[in-house]
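Good morning, colleagues. Please look at the sequence and the model on the screen while I take you through the main points.

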Amino acid sequence: MTGLSTLLIVVGLFLAGGVYSFSKQKMPRSVIVLLAIASAMCLVAGVLRIQGIWE
């Protein structure tokens, strides 16, 4: 189970980097918001799986 948790956290951090990059490039706000939501969901899911709350 920790493999999937690690993958979720890595993808979440990758998307967070995309949010930062897109905001620096002045991309449309809707794209930035969608990436931020996806990043937060991946990070939260990964942490919850590590803690054993969500299986």
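Predicted model: local features only at pLDDT ≥ 70, side-chain atom pairs only at ≥ 80, totals over all residues.

Valine 47 lies in helix H2; helices here are DSSP runs of H or I with at least four residues, strands are E runs of at least two, and both are numbered from the N terminus. At 43% relative accessibility, valine 47 is partly exposed, a class between buried, under 20% relative accessible area, and exposed, over 50%, with a 1.4 Å probe and protein chains only.

Residues are numbered from 1 along each chain as its sequence is written, and side-chain values use heavy atoms, with hydrogens and water left out.

Turning to the overall fold, the protein has two helices and zero strands. The C-alpha trace spans about 40 × 15 × 10 Å along its principal axes. Of the 55 residues, 24% are buried. Contact means heavy atoms within 4.5 Å; among contacts between residues at least 6 apart in sequence, 62% join residues at least 24 apart.

Which residues form the largest nonpolar core? They are Leu15, Val19, Ile32, Leu35 and Cys42. Such a core is a set of buried Ala, Val, Leu, Ile, Met, Phe, Trp, Tyr and Cys residues joined through side-chain atoms within 4.5 Å. Helix H1 (2–24) and helix H2 (29–51) each give two or more residues to this core, and the largest share, three residues, comes from H2. Leaving aside residues up to four places away in sequence, leucine 35 touches Leu15, Gly18, Val19 and Phe22.

Is serine 5 buried or exposed? Serine 5 counts as buried because its relative accessible area is 1%. Beyond residues up to four places away in sequence, serine 5 touches Gly46, Arg49 and Ile50. Leucine 4, by contrast, is partly exposed, at 42% relative accessibility.
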